[in-house]
Amino acid sequence: MMFWRRLLENKLAVAGGVIVSVLLAASLLAPFIAPYDPAQIHVDRVLVPPCKEHPLGTDQLGRDVLSRIIWGGRISLLVGFVAVGIATAIGVVLGAVAGYYGGWVDGLIMRLVDVMLCFPAFFLILAVVALLEPSIWNIMVVIGLTSWMGVARLVRAEFLSLKERDFVLAARSLGASPARIIFVHILPNAMGPVFVSAILGIGSAILTESALSFLGIGVQPPTPSWGNMLTAGKDHLEIAYWLSLFPGLAILLTVLGYNLLGEGIRDALDPRLRD
Amino acid sequence: MARYLFRRLLTMVPLLLGITMISFAVIHLAPGEPTGLQAEFNPKITKEARERLRAYYGLDKPLHIQYLLWLKRVATLDLGRSFSPDRRPVSEKILERLPITVTINLLSMLLIILVAIPIGVYCATHQGSFGDRALTVFVFVGYATPTFWLALLLMLLFGVKLGWLPISGIRSLVGYEAMGPLEKAIDMGRHLLLPVLVSAFGGLAGLSRYMRTSLLEVIRQDYITAARAKGLPEGKVIYKHALRNALLPVITILGLSVPGLIGGSVIFETIFSIPGMGQLFFYSVMARDYPVVMGMLVIGAVLTLVGNLLADLAYAWADPRIRVG
């Protein structure tokens with residue numbers, strides 16, 4: 001298949017794919033590969049620098065940093081996938097409806113997109129999370145609710161051109177319902193770009209979650225997340241660099257992996273976009 | 001141009017209405033009512049403050065009336081009074097913090113433009129070279145770097161290890177008053193250097209990538225081939241003919257980056273203890289100071305709207321097809 005050959009020829013995309021696969025595997029296998037219990041407190045091994053027993057050191061409660069990063073990966077990936085799932089579902093439905101029906105429906109939905117894009121997303125997310133209680137579920141929902149606009153625009157644009165095609169006319173003359181035409185006939189043809197934007201969205205959802213957790217209104221301790229590990233890193237910045245360095249590197253690598261993979265897939269799907 | 005401006009301002013009206021509607025909806029997200037359940041458990045809110053909020057939103061009236069009442073006050077910039085012990089008007093609290101945030105964001109935007117555009121041009125004119133590929137990887141890494149983490153690392157390096165730069169506040173706590181004007185400026189500059197760098201970093205990656213793509217697209221156009229065919233030197237082709245057109249979409253991207261910059265100010269202002277809008281927002285969120293939170297939501301969105309307007313005006317000024325058409 002052309003798609004796979006083009007994807008595998010792109011070294012950066014392959015690197016992204018490898019990073020993503022390794023991280024996924026590490027998160028799924030966390031109970032088996034983490035050298036220590038991530039919650040186990042050791043008062044006699046507090047703030048140990050990276051060494052043979054603790055490759056990435058221990059934190060202020062003597063917990064193994066490597067184990068906490070491996071378990072924290074589960075949280076980041078969970079937030080990334082669920083938030084993007086929500087955003088994609090909303091974006092696809094609204095974008096499809098706007099593009100297919102046009103007219104005032106389209107106008108209304110697109111104005112809503114414009115309005116949502118005006119809000120500094122981080123302000124909106126902070127406000128909502130604070131009004132509700134900070135919890136991982138609230139965060140996933142709120143990130144999802146504030147990041148669907150790009151997908152909606154994308155799907156709408158695809159629908160605007162696809163709905164004029166002959167196969168849509170054929171489906172309509174056979175008596176297919178609008179819902180059937182939208183979801184069964186047109187949508188599968190528009191899924192490529194949606195898939196790409198979902199993969200890119202995972203990276204930014206993970207970044208948002210880590211920032212919220214860093215500020216103390218995201219994932220709450222003792223559940224380890226890369227963001228709340230960095231909060232501890234900030235408190236011990238002067239004496240324990242490893243508490244800040246490694247969780248941040250984990251975030252960077254993960255987001256980098258998804259972005260490289262996402263852009264690689266985009267180029268492979270549509271080589272004309274490749275510059 | 002006047003007609004364009006008028007048309008453009010007209011399109012802002014429904015957006016403003018939408019902004020206030022969503023802000024209003026967020027207020028009513030609080031379980032029960034904004035003065036209800038959560039306020040009961042919040043020792044920072046006195047009974048009197050709760051009553052005041054009830055009166056402010058007219059909570060005994062139907063929802064649409066509540067919205068209209070609130071809208072009427074917001075239109076006159078009356079955003080209510082803060083729940084915090086000082087009980088000051090929200091608009092006053094926000095306005096005194098606006099300049100510092102806007103200054104930092106303008107400085108970082110300037111930095112983004114000055115660095116990202118040359119990088120983008122270099123990559124586009126040296127497509128596929130080692131430098132282009134190295135910068136592309138750098139851009140991807142920049143995209144993926146959490147800004148708060150970068151802030152921590154820079155604080156660690158320049159503040160703690162090397163001791164070159166201060167790591168919090170916007171001026172020295174001791175001895176600032178005794179300094180001369182030049183020393184004061186240098187002092188503030190040293191305090192602002194890291195925050196500006198950090199807030200520029202994310203945008204840098206995005207804009208340089210965008211500049212590269214935009215210029216590559218323009219270079220493929222027929223008029224560039226024509227310019228080359230008539231024997232113009234390559235430098236002139238790129239900088240005089242191609243760059244101008246390639247910069248147009250970049251203006252729009254700059255406008256679109258405003259909400260990200262404002263939202264990002266929460267992070268770097270909290271880390272660097274800078275008394276700006278972002279820090280106020282964060283403190284207010286933590287203290288459940290609803291009037292301030294809501295006021296800032298509206299003002300943040302309006303600032304974005306203004307940023308987009310400025311970008312569109314710049315675009316129209318640069319591209320006659322827009323302002324005439």
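Trainee: Does B:Ala151 count as buried or exposed?
Mentor: B:Ala151 has 23 C-beta neighbours inside 10 Å. A residue is buried if 20 or more other C-beta atoms lie within 10 Å of its own, exposed if 12 or fewer, and partly exposed in between, with C-beta atoms placed from the backbone. By its neighbour count, B:Ala151 therefore counts as buried.

Trainee: At which pLDDT do side-chain atom pairs count in this predicted model?
Mentor: Residues are numbered from 1 along each chain as its sequence is written, while chains are lettered from A and ligands numbered from 1 in the order in which they are written. The predictor's confidence in each residue is its pLDDT, from 0 to 100. In this predicted model, totals for chains, interfaces and linings use all residues, local features need pLDDT of at least 70, and side-chain atom pairs count only at pLDDT 80 or more.

Trainee: Which element of chain B has the highest mean pLDDT?
Mentor: Chain B as a whole has a mean pLDDT of 82, with 91% of its residues at 70 or more. Its elements are 14 helices and 0 strands, assigned as DSSP runs numbered from the N terminus (helices H or I, at least four residues; strands E, at least two). The lowest mean, 47, belongs to helix 2 (residues 37–40) of chain B, and the highest, 89, to helix 5 (residues 90–125) of chain B.

Trainee: Which residues does B:Ala151 touch, not counting residues up to four places away in sequence?
Mentor: B:Ala151 lies in helix 7 (residues 147–161) of chain B. Contact here requires the C-beta atoms of two residues, placed from the backbone, to lie within 7 Å. On that basis, the partners of B:Ala151 are B:Val198, B:Phe268, B:Ile271 and B:Phe272.

Trainee: Which residues of chain B are in contact with A:Ala127?
Mentor: Between the chains, 41 residues of chain B are in contact with 38 residues of chain A. The chain B side divides into 32 nonpolar, 8 polar and 1 charged residues, where Ala, Val, Leu, Ile, Met, Phe, Trp, Tyr, Cys and Pro are nonpolar, Asp, Glu, Lys and Arg charged, and the others, including Gly, polar. For A:Ala127, the contacts are B:Val26, B:Val285, B:Val293 and B:Leu297.

Trainee: How is helix 10 of chain B oriented relative to helix 13 of chain B, and what is this arrangement called?
Mentor: Axes are lines fitted to C-alpha atoms, for helices over the stretch in contact, and angles between N-to-C directions run from 0 to 180 degrees. Helix 10 (residues 234–256) of chain B packs against helix 13 (residues 290–318) of chain B at about 170°, with axes 8 Å apart. Angles under 35 degrees are roughly parallel, over 145 roughly antiparallel, 65 to 115 roughly perpendicular and the rest oblique. Helix 10 of chain B is therefore, relative to helix 13 of chain B, roughly antiparallel.

Trainee: What percentage of the residues of chain A count as buried?
Mentor: Chain A consists of 12 helices and 0 strands. Of its 275 residues, the share that counts as buried is 49%.
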